[in-house]
Structure formats: structure tokens, C-alpha cells
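The structure is shown first, and the description follows.

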Amino acid sequence: MNSIAHSPHAHAPSSIGKVMLTVMLALAPATVFGFWLYGWPAINLWAVSLIAAILGEAFVIRIQQRAVKPVLMDGSGILTAWLLALSLPPYAPWWIAVVGSLFAVVVGKQIFGGLGQNVFNPAMAARVMLLISFPLEMTTWGAPLPLTSPNGLNLIEGLRVTFLSQPIDGMASASLLGHVKTEFTRGIGLDQALTGFFTPMDALWGMRAGSLGETAALLLLLGGLVLIARRIITWHAPVAMLLGVAVPALIFSLIDGNHYAGPLVHLLSGGVMLGAFFIVTDPVTSPNTAKGQFIFGLGCGLLTWVIRTWGGYPEGVAFAVLLMNAATPLIDQYVKPRIYGRDSKGVALPAKKGA
Amino acid sequence: MKLFDRFFSGMRGGVHPEGRKDLSAARGIRVPPLPKKLFVPLQQHIGAPASPIVCVGERVLKGQLIAVAQGNVSAPVHAPTSGIIIALGDHVAPHPSGLPVPTFTLACDGLEEWAALQACDDPFALSAEDIAARVAAAGIVGLGGATFPSALKLNLSRGVQTLIINGGECEPYLTCDDRIMRERATAIVEGISLIAQAVAAKEVIVGIEDNKQEAIEAMRGAARASSMKVVAMPSMYPMGSEKQIIQVLTGQEIPAGGRPADIGVLVHNVATAFAVHQAIRFGRPLISRIVTVSGGAIKSPCNVEVLVGTPVQELIDFASGYSQAAARMVLGGPMMGQHISNTGIPVVKGSSGILALTADEIGHDAASPCIRCSTCVRACPVGLLPLEMAAHIRGSDLAGAVDLGLKDCIACGSCSYVCPAHIPLVHYFNYAKGDLAAQERSKLKQEATKKLAEARGERIARIERERAEMMAKRKAARAAKEAAAKAAAEAEAV
């Protein structure tokens with residue numbers, strides 16, 4: 001007996017592999033910029049992250065006695081490792097990348113049941129795990145050493161930084177948010193703390209100390225717009241997240257400009273741009289309606305700002321995302337689209353006779 | 001501009017499948033040669049099958065009634081051409097199961113000799129009841145694909161505010177409605193006017209997707225003298241679905257579980273309007289329809305006017321056969337059509353297209369896990385959460401799927417079409433709907449059994465009670481008798 005194929009007998013030319021590939025392409029400009037800005041150590045760290053994720057995932061799939069190739073080919077594990085790498089300090093040692101990547105794909109994803117089953121964003125879960133477990137390595141920042149500059153590191157020096165933890169002479173620096181936090185503890189207000197440390201144009205381009213791929217705000221925005229244009233993501237979550245950060249920042253900076261940083265500082269620092277376009281748009285861990293995604297993004301933005309402003313850590317994107325991930329099932333439970341012919345409560349619309 | 005506003009307040013979701021209508025849109029309607037044999041099923045409509053009234057061996061004329069409607073929801077069947085009925089038995093039917101249904105086999109004599117027809121020179125003098133009766137007698141059913149008996153719809157919709165004529169034809173590949181509008185606009189417009197008269201509609205809107213400019217112009221030209229509006233609608237699937245076309249053209253929604261008449265609307269397809277014209281003006285029953293033969297594996301795609309009962313294979317031969325091996329044969333459009341595995345099945349009243357698709361056109365891949373990307377949520381024109389419904393059905397939680405709106409699903413296939421994980425979502429939903437129907441049937445059966453069992457228990461108890469009562473009565477009578485005898489004996493002894 002022939003098997004009967006069910007309608008529809010036509011399908012859009014898309015696949016999960018293509019979706020993941022598009023996201024990676026959208027990440028590429030910011031990533032390449034990060035490679036240039038921080039040189040060989042950044043490239044090494046990125047490569048180590050990806051390799052660890054691929055090997056780790058393959059191993060776990062083998063243990064489960066499932067076919068390895070289709071799982072690896074969907075590209076989701078690689079994308080997770082890529083996102084994690086972009087959120088790491090570029091001069092971090094290799095084992096940070098390995099531990100983080102393995103945690104992301106094994107604990108963050110496969111233990112939950114694999115692709116589509118995880119509750120928390122694997123990259124952010126790994127980043128938070130690393131931050132809590134290895135605070136020193138995760139908050140040691142270095143000033144940019146562009147590949148093309150005379151004091152840029154060559155391949156061998158880069159390998160020494162990544163694999164032998166060789167310190168970079170006199171280059172220890174702080175991220176913007178970390179710097180502000182430290183200055184506050186010394187009783188120094190924003191007006192002085194930001195002097196020479198924050199220039200909007202540099203922040204826009206990303207010429208500053210920070211995570212591997214989080215500094216180039218404009219390039220991340222560009223990648224995000226590509227994803228929106230290709231209909232991989234919608235504007236709801238990113239716009240909501242940016243609003244969630246910017247609106248309270250604006251209000252509080254108007255109230256006390258010396259203590260609360262303005263919206264531009266918040267938007268162009270830390271992981272906000274990467275988070276808005278590439279993290280809160282993760283389909284698996286975000287709500288599945290446009291309205292739900294907006295609420296989710298707004299929550300991520302607000303929590304990020306709250307953690308940055310009043311929390312113990314200088315940066316809050318990863319924590320905010322995980323907290324909102326936990327709220328996703330709740331949002332999905334209460335935010336549902338109205339069904340045709342029914343009101344928003346699901347009750348059938350009243351009939352009215354036309355005559 | 002008004003329509004523009006309506007559209008944005010109107011249909012949600014929807015998809016843009018590749019149209020592929022260019023394959024056959026330019027081909028005028030042609031009539032293929034008469035087949036040697038026609039296979040005319042008794043059931044070509046929703047409802048009870050028709051009941052045969054001619055015998056095997058009998059000669060029938062073209063248009064002669066050969067099976068009458070049975071019950072309220074049914075439609076009669078007529079001989080598509082003149083010839084001899086050589087069999088009445090099971091034949092493979094246009095149903096995915098491939099199961100046979102009772103079917104007339106008609107050996108055509110090639111004379112095309114018409115039966116006496118009840119033509120009407122002044123159809124607009126007919127009463128509403130008369131029009132509906134003639135539509136019923138002509139065996140007309142909804143030709144958009146639903147095949148609901150049209151006369152019943154007319155009778156249930158009398159006095160509606162708006163009559164919508166569906167020229168959407170949103171399914172890819174299909175061009176049969178496009179061609180009939182281009183070539184037979186005048187007849188369609190008269191048919192529409194007759195339908196409007198039969199239901200006393202106050203407003204008539206003809207909705208046509210804007211990818212059919214020639215059809216729009218032809219219909220506008222034909223409708224110039226009447227008050228009906230011919231409206232260009234955006235080309236988007238599933239624009240031609242009843243719920244969606246009403247939403248787009250009137251801004252209203254059919255209440256859940258209701259019918260269009262609940263909001264004063266009646267929807268008929270353009271081909272149905274043409275059939276109504278033929279039936280009323282000339283008395284011709286529905287014995288033929290326009291079918292699109294297309295697909296990447298068909299050598300010369302075309303639109304043909306086909307007698308009901310013509311085997312699919314004849315039409316493929318008429319379209320010069322295959323240009324390459326077809327990966328899948330489909331009856332209807334690619335979005336909602338049925339996969340058929342036998343080209344011996346006949347064309348029936350509801351067959352709009354015959355497609356021979358290549359593997360590239362189908363573009364189907366093995367399913368991978370859902371990444372909750374919610375592309376299906378954005379595509380759903382009804383506002384459902386296909387991914388959540390499918391997850392519940394996978395876990396055999398049908399009740400959960402129903403809570404999420406499973407019964408509101410129109411099975412349009414938009415979600416399956418866009419799913420990047422290639423999850424056969426509509427398959428899940430139709431499976432669940434079938435399972436629910438089976439559960440409901442078995443529940444009814446259980447209830448009936450329970451009722452019967454209870455009745456039996458009561459009956460047995462009653463009989464036993466009565467028997468016991470009778471026994472007691474007899475015992476008492478006997479005891480009284482014995483007592484009386486004893487007393488008498490005692491009295492005698494004294």
C-alpha cells in the first residue's frame with residue numbers, strides 16, 4: 001500500500017539549518033570586527049568555543065545513540081557557542097571557553113532534551129555560570145589591541161595569551177559598566193567617571209574594552225536589521241528590550257544625572273545590543289506570540305537596567321534574560337492570540353441576523 | 001481606500017506560496033475528446049449519497065437524472081453524456097483512502113444526445129423558492145471544493161445582507177476560476193444575479209485576488225449594468241477560504257461554530273454561479289466542470305472543461321502526458337488538495353485541479369525538532385498556536401489541543417507550509433480531529449449501550465418484581481384456601 005502524503009503539497013524553501021546560518025551571517029560583521037579589534041586571542045577563543053561545542057554535542061548525542069550528523073548540521077550548537085564566545089572577555093583563557101561551551105550545549109541544551117526543549121538560553125546560562133564560578137577571569141578586560149596596529153599581537157603571542165594565560169603588559173583595562181561601578185564605590189560621580197571613558201562615537205563603533213563581540217553596537221544593529229528583513233526575527237522583542245533599558249535610564253538620568261547613566265550609555269555598553277537582537281530573539285526560550293515577545297523583551301530590558309543600577313554586578317543582560325526565560329511559560333499561558341470568530345476570552349462572537 | 005482599511009483590520013496571518021499559475025493561466029478552456037467510459041460516483045457532495053433510479057443496461061441521455069437526492073443534505077446525479085449504463089458497482093473514488101464507492105459506469109455512445117431540458121427564457125421572473133428548487137434539481141454543489149449542496153445553502157440563507165462571490169482562487173497552480181471568469185463573465189454575472197434574487201441579498205460583492213487582472217476586468221465589464229461590486233483583493237493564501245474572504249470583504253467574522261448566515265452573509269464560488277446560470281437559463285444540470293491540469297511534471301498544462309466521471313488519466317493524456325516522473329499526484333490545489341495514488345479515479349463535481357508535482361515543487365523534508373520559532377503562529381489566519389497544539393497532540397492530550405482551539409482550525413496548511421522544521425502540523429490536526437470524532441462516536445455508542453443496559457436491568461427487575469408479587473398473591477390465595485378448607489374440616493369434625 002502506498003503511503004499517503006498529507007497536504008500541503010508545497011513547502012516554503014526554509015529549514016532550521018538555513019535559519020541558523022542566516023543568524024550566523026548576521027553575527028559575522030560584529031564578530032569580524034571583534035577579531036580585528038582584539039586580535040588573535042579573540043580568534044582563538046572563538047575557535048575554541050565552537051570546537052568544544054561541536055565535540056561536546058557529538059559526544060552527548062553518541063551516548064544517546066542518536067545520529068550525530070543531523071544534530072550537528074542544524075547549526076544550533078555552533079550558534080550557541082558563537083554567541084557565548086561573543087560575550088566572553090576576549091583575552092580570557094581557553095578553558096573558560098571550553099567549560100562555557102560544554103555547559104551551554106550539554107547542560108543548557110541536551111540535558112533538557114535537545115533543540116527546542118531547553119527552558120533557559122544556553123549561551124546566557126553558560127555565561128552566568130562562568131561569571132559566578134570564575135569572576136576573576138570573567139571580569140578581566142583588556143584594552144583593544146587591533147590586529148593592524150603596531151602593538152597588535154601576532155599569532156604566536158595570541159596563542160600564548162589564550163592557552164598559557166600570558167598577561168598582556170600594561171593593558172589591563174575595565175569595561176565601561178565595571179568602571180562606573182568601581183568609581184561609584186569610591187564616591188566618584190558619573191560626570192567624572194565617564195570623562196575620557198565614554199565617547200558615544202567610539203561606543204557606537206565599538207572601539208573600547210569589552211566582550212569579544214558586544215562592543216560594535218552599529219554592526220550588531222545592522223545584523224539585527226538583516227534578521228528582521230529576512231523575517232527570521234520580528235521587531236517586537238528587540239525594540240521592547242531597548243525601550244526597557246532606555247526609558248528608565250532616561251527618566252532616572254533626568255532626576256539625578258550624576259548618579260544614573262543616561263540611555264545612550266546604557267544602550268551602547270555591555271551586552272544590550274547583542275542581547276536585543278540575538279539573545280532575546282532566541283525562539284526556543286522566548287514567548288511565541290508577538291505580544292508575548294514584546295513583554296519578554298521589555299522585561300529583559302527593565303531587569304537589565306535594574307541589575308546594572310542597583311545590583312551587585314556591573315552587567316545584567318545575562319541575568320535578566322535567564323529571569324525572563326523562567327517567565328516565558330507563564331507569558332505563553334496568559335498571552336494568546338484571539339481566535340477567529342471568538343473574543344479575547346475564547347467565547348464565540350454573537351450571531352447577528354443580517355436581514 | 002476603504003478596502004485597504006478593511007484589509008488591515010481584516011485577515012491575519014496567511015502565506016505567500018509560489019503561485020505557479022503562469023503554467024496554465026494563459027491556456028483557454030478546451031474540451032477534451034469524449035472518453036469511452038465515464039465513472040460517475042453516487043456521492044460527489046457532502047451529505048447522503050444519491051440513490052440510483054436507472055438500471056444496468058439502460059440507455060440514458062445526456063443530462064438525464066440517474067440518481068436522486070436522499071434526505072435533506074444530498075444532491076442528485078445526472079448522466080454526463082448519452083450512452084448505456086454498463087455497471088453500478090464499486091470503483092476507486094477521489095478520496096485519499098483509495099477506497100471504492102458505488103459508481104455508475106457509463107459507456108458513452110458518442111452521440112451526446114441531450115435529454116429534454118426545462119429551459120427558462122425569463123429567469124428573473126422566477127420566485128426565490130423556484131430558483132432554489134431548480135438549483136437543487138440540477139445537482140449543483142459548491143464548486144470551490146466544499147461540495148455542499150448549493151440549494152440547501154440558498155434556502156438557509158434567505159434574507160442575508162451580503163452575497164459574496166468567491167473568485168479568490170488562492171491555491172497555487174489552479175487557474176480554472178480565473179479562466180471561467182475571463183471567458184464566461186456574462187453568464188457568471190447572470191448566475192450571481194439569480195443567486196442574489198434567490199436569497200434577496202441587498203449587496204453583492206465579487207472578490208477576486210489581484211493576481212488575476214484579466215478576470216477582474218472581464219467581471220467588471222460584465223457587471224457594469226448591475227449593482228454588484230467587483231473588488232480586487234490582495235493575493236494571499238488562504239484568501240479564498242470562506243472565513244477569510246468574509247473577514248476581508250466585510251470586516252466581520254463568522255462566530256465560532258456558526259455559519260456565514262449568522263452574520264448575514266452568503267458565500268458562493270464563481271464556478272457555482274456559472275453552474276446556476278446554466279441550470280436556470282438552459283435547464284442543464286451540473287455534469288461538467290472546469291479543471292486545471294498542471295504541475296511541473298505535466299508536459300503542457302491546460303484548463304479543460306471536463307465531464308464528471310472522466311478518469312484523471314484521460315486528462316493527463318490530453319495534457320500530452322508527463323514531462324518527467326511525477327513525485328506526487330494531487331487532486332485539487334497543493335495547499336489543501338488530496339494526494340492520489342491511482343489515476344483511474346474519476347473527476348467529480350468538486351475536483352478543481354489535477355497536479356503532477358515534482359519533488360522540487362513539493363519541497364518536503366524529514367521533520368526536525370520544533371524550535372518554537374512561532375513562524376506558524378504568524379502564518380495562522382485563524383489566530384491559533386499550531387506549535388502548541390501539535391505538542392499537545394504528540395503527547396496524546398487531545399483535550400489540551402481542543403482548549404487551544406483545535407476545532408477552529410480550517411486546515412488551510414499555512415502553518416505546515418512555512419514551518420522551517422518541516423513538521424506536518426496539519427497532519428497532526430487532522431489526525432486529532434479524526435480521533436476526536438471517533439471518540440465522540442464511541443462515547444455516543446457507550447451512552448446508548450449504557451441506556452439499553454439500564455433499560456434491560458429495569459425490565460428484568462420489573463418482571464421479577466411482578467413475578468414475585470404474583471407468587472406472593474398465589475401463595476396468599478393458596479394459604480387462604482387451605483385455611484378455609486381447614487376451617488371447614490374442623491367445622492365438619494365438630
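pLDDT is the predictor's confidence in each residue, on a scale from 0 to 100. The structure is a predicted model, and its confidence is therefore treated before its geometry.

**Confidence**

The model scores ipTM 0.89 and pTM 0.88. For chain B the mean pLDDT is 92, and 98% of the residues of that chain reach 70 or more. Within chain B, the lowest confidence falls in helix 1 of chain B (residues 2–9), with a mean of 46. The highest is found in strand 14 of chain B (residues 302–307), at 97. Over residues 1–9 of chain B, pLDDT stays under 50, and for this stretch the model has six contacts beyond four places in sequence.

**Contacts between chains and domains**

Between the two chains, 38 residues of chain A are in contact with 58 residues of chain B. The side of chain A that touches chain B comprises 19 nonpolar, 13 polar and six charged residues.

The domain assignment of chain B gives domain 1 (2–31 + 124–307) and domain 2 (368–458). The C-alpha centres of domain 1 of chain B and domain 2 of chain B are 30 Å apart. Twelve residues of domain 1 of chain B are in contact with eleven residues of domain 2 of chain B. On the side of domain 1 of chain B that touches domain 2 of chain B, there are six nonpolar, four polar and two charged residues.

**Helix packing**

Two packed helices are described by the angle between their axes and the distance between the axes.

| Helix pair | Angle between axes | Distance between axes |
|---|---|---|
| Helix 1 (residues 16–38) and helix 4 (residues 76–86) of chain A | roughly 25 degrees | within 11 Å |
| Helix 1 and helix 12 (residues 217–229) of chain A | about 170 degrees | 8 Å |
| Helix 12 (residues 386–394) and helix 15 (residues 425–493) of chain B | about 55 degrees | 10 Å |

How is helix 12 of chain B oriented to helix 15 of chain B? The angle of about 55 degrees makes helix 12 of chain B oblique to helix 15 of chain B. Helix 12 of chain B passes helix 15 of chain B in a left-handed crossing. From helix 12 of chain B, the residues Pro386(B), Met389(B), Ala390(B) and Ile393(B) take part, and they meet Leu425(B), Tyr428(B), Phe429(B), Tyr431(B) and Ala432(B) of helix 15 of chain B. By class, the contact of helix 12 of chain B with helix 15 of chain B has nine nonpolar residues, no polar and no charged ones.

In chain A, angles under 35 degrees count as roughly parallel, and helix 1 of chain A and helix 4 of chain A are therefore roughly parallel to each other. The crossing of these two helices of chain A is left-handed. Helix 1 of chain A contributes Met20(A), Val23(A), Met24(A), Leu27(A), Thr31(A) and Gly34(A) to the contact, while helix 4 of chain A contributes Ser76(A), Leu79(A), Trp82(A) and Leu86(A). Seven of the residues in this contact are nonpolar, three are polar and none is charged.

Helix 1 of chain A also packs against helix 12 of chain A, and these two helices are roughly antiparallel to each other. On helix 1 of chain A, the contact involves Thr22(A), Val23(A), Ala26(A), Leu27(A), Pro29(A), Ala30(A) and Phe33(A). On helix 12 of chain A, the partners are Leu219(A), Leu220(A), Leu222(A), Gly223(A), Val226(A) and Leu227(A). This contact has eleven nonpolar, two polar and no charged residues. Val23(A) and Leu27(A) belong to the contact of helix 1 of chain A with helix 4 of chain A and to that with helix 12 of chain A.

**Local backbone geometry**

Where does the backbone of chain A hold a cis peptide bond? The bond from Ser7(A) to Pro8(A) is cis, with omega near 0 degrees, and Pro8(A) lies in the segment before helix 1 of chain A. In chain B, Tyr237(B) and Pro238(B) are joined by a cis peptide bond with omega of about 0 degrees. Pro238(B) sits in the loop between strand 11 (229–233) and helix 7 (242–250) of chain B.

Tyr173(B) is not a glycine, yet it has a positive phi of about 70 degrees. Tyr173(B) is placed in the loop between strand 9 (162–167) and helix 4 (176–183) of chain B.

Notes: Residues are numbered from 1 along each chain as its sequence is written. Chains are lettered from A and ligands numbered from 1 in the order in which they are written. This is a predicted model: local features need pLDDT of at least 70, side-chain atom pairs count only at pLDDT 80 or more; totals for chains, interfaces and linings use all residues. Helices (H or I, at least four residues) and strands (E, at least two) are DSSP runs, numbered from the N terminus. Two residues are in contact if their C-beta atoms, placed from the backbone, lie within 7 Å. Ala, Val, Leu, Ile, Met, Phe, Trp, Tyr, Cys and Pro count as nonpolar, Asp, Glu, Lys and Arg as charged, and the others, Gly among them, as polar. Axes are lines fitted to C-alpha atoms, for helices over the stretch in contact, and angles run from 0 to 180 degrees between N-to-C directions. Angles under 35 degrees count as roughly parallel, over 145 as roughly antiparallel, 65 to 115 as roughly perpendicular and the rest as oblique. A crossing is left-handed if the near helix is turned anticlockwise from the far one by less than a right angle, and right-handed if clockwise. Domain bounds come from an automatic or database domain assignment.
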